[in-house]
Amino acid sequence: MTALAEMSADALRALHADLVREHEALKSRGLALDMTRGKPSPEQLDLAAGMLALPGNGDHFTEAGEDARNYGGNQGLPEVRALFAPVLGAPPQQIVAGNNSSLALMHDVLVYALLHGVPGGERPWVKEEAISLISPVPGYDRHFALSQSLGIKLIPVALTGEGPDMDEVERLAADPSVKGIWCVPQYANPSGETYSDAVVARLAQMWTGASDFRILWDNAYVLHHLTDARPQLRNVLDACAEAGHGDRPVVFASTSKVTLAGAGLAFLAASPANVGWYLGCAGKRSIGPDKLNQLRHVRFLRDTAGIGAHMEKHRALIAPKFAAVDEVLGRRLGPYGVARWSKPLGGYFIVLDGAAGTAARIVALAKAAGLALTPAGSTHPYGHDPDDRTLRIAPTYPSLAEVEQAAEVIALCTLLAACEKHLPA
């Protein structure tokens, strides 16, 4: 039982009246705050301002002496693949370097699978009677939207703090119509958890009804540490190869939140068979990526140490924002026990679980007070959170002062919504 539930009816009514007055006062301030998307702030983008002068006039030749201004090289520059090989956990020859959107690579992988099938499969996915993907929840709304746009059914499975509930994943994966699973394995969006070694091993080893089952491994936040504690995610490519399922994983990553969000690089890493399959399909779509931008990234980031130093600058900007949210939520909500929230070691989000049946109400109350939040339900497929309690908080884009203001609004609205639920009739 929560502290709020233990309050007398009179005390609860008095608290509710105080919260309503505070909310009305906030509404009169005319705030205009936005925490709907996990975008890098202008200050974070400024960290990569030096890239705008690179590679520089006349600096357009690769290490092999090829002219990066011209067509070709669908797999991407060898030097940029070598630079990010440690990040992706794959040798350069098993990496594809593309343009700025990893979501575009995910889209293409699914579309090619639908139209052409994948290595190990018997037919194009579109010729199956029905296909589904397992979707750990809370999860990434763009994974949901992409799948739904292609007519792929999504099956939610709960996250446990160490990855998805593997008993349920293994049960579902035995169905031949289940073709894969979405994963954000390190600092998951939005829960912040990192998959345990045991979860990675079970994903690699499990029996699947579909011979062409794919692990869609979106490692978007692998570089985005918030503390000195750095959980080591087991290499899924190695784990699957050791288990005899080398073609199972397809790894995605990008520099969208590392350099310039609209002008970064996206990467795909996979088995030789999967890379060959992808390039064979992609070669009909494009004559090659923006190799000048790839050269720009090599010149700017230089090496593994350069990437690490750059990410420490990001950490210095955003870690205080996460700390501010945690401080406000702890101070305002902790005494009442009406919510729990994540304290991530990395990534871009905080997940807040309010009282059951209050998430949509919290969003509405926040909107009335001048704060835009990601819609309730967006953390679940089809926008349906069966408990109506989970919200995604994105602290990175606003200034620290704005984050502090927004956290106060979120805490107030969470407590007010919970109080409304507990008021006697």
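## Packing of α12 and α13

The crossing of α12 and α13 is right-handed. In this predicted model, α12 spans residues 359-368 and α13 spans residues 400-422. The two helices pack at an angle of about 130°, and their axes are 9 Å apart.

## L333 in α11

L333 belongs to helix α11. Its relative accessibility is 0%, so L333 counts as buried; the cut-off for that class is under 20%.

Which residues does L333 contact, leaving aside its neighbours within four places in sequence? They are V328, V338, A339, W341, A411, T414 and L415. L333 and V275 are 58 residues apart along the chain, and a distance of 49 Å separates their C-alpha atoms.

## Burial of α3

Helix α3 covers residues 78-88 and is mostly covered, with eight of its eleven residues buried. The buried positions are E79, V80, R81, L83, F84, A85, V87 and L88. The list includes the charged-class residues E79 and R81.

What covers the buried residues of α3? The covering elements include the strands β2 (95-97), β7 (249-254) and β8 (266-270). Also included are the helices α8 (236-242), α10 (291-301) and α11 (304-333). The helix α11 in this list is the one that holds L333. After α3 comes G89, which has a positive phi near 70°.

## Packing of α4 and α9

Helix α4 is made up of residues 102-116, and helix α9 of residues 272-282. They pack at an angle of about 90°, with 11 Å between their axes. This makes α4 roughly perpendicular to α9, since angles of 65 to 115 degrees fall in that class.

From α4, the residues in the contact are L105, D108, V109, Y112, A113 and H116. From α9, they are W277, Y278, C281 and A282. The contact of α4 with α9 divides into eight nonpolar residues, one polar residue and one charged residue.

## Aromatic pairs

How many aromatic pairs does a search of the whole structure find? The search finds six. One of them joins Y112 and W277 in an edge-to-face arrangement, at 6.3 Å centre to centre and with 80° between the planes. This pair links distant parts of the chain, with Y112 in α4 and W277 in α9, 165 residues apart.

Are Y112 and W277 buried or exposed? Both are buried. Ring pairs also bring in Y278, giving a cluster of Y112, W277 and Y278.

## Cis peptide bonds

The peptide bond from V137 to P138 is cis, and its omega is near 0°. P138 sits in the loop that runs between β3 (132-137) and α5 (141-149).

A cis bond also joins N189 to P190, with omega near 5°. P190 is placed in the loop between β5 (178-183) and α7 (197-205).

Y187 is a residue other than glycine with a positive phi, near 50°. Y187 lies in the loop between β5 and α7, the loop that also holds P190. With a relative accessibility of 1%, Y187 counts as buried.

D388 is not a glycine either, and its phi is positive at about 45°. Where is D388 found? D388 is in the loop between β11 (371-373) and β12 (390-393). Its relative accessibility is 22%, so D388 counts as partly exposed; the buried class ends under 20% and the exposed class begins over 50%.

Definitions and conventions. Residues numbered from 1 in each chain as written. Predicted model: local features only at pLDDT ≥ 70, side-chain atom pairs only at ≥ 80, totals over all residues. Heavy atoms only, no water. Axes fitted to C-alpha atoms, helices over the stretch in contact; angles between N-to-C directions. Helix = DSSP H or I, 4+ residues; strand = E, 2+ residues; numbered from the N terminus. Left-handed = near helix turned anticlockwise from the far one by under 90°. Buried < 20%, exposed > 50% of the residue type's maximum accessible area, 1.4 Å probe, protein only. Contact = heavy atoms within 4.5 Å. Phe/Tyr/Trp six-rings, centres within 6.5 Å; stacked < 30°, edge-to-face > 60°. Parallel < 35°, antiparallel > 145°, perpendicular 65-115°, else oblique.
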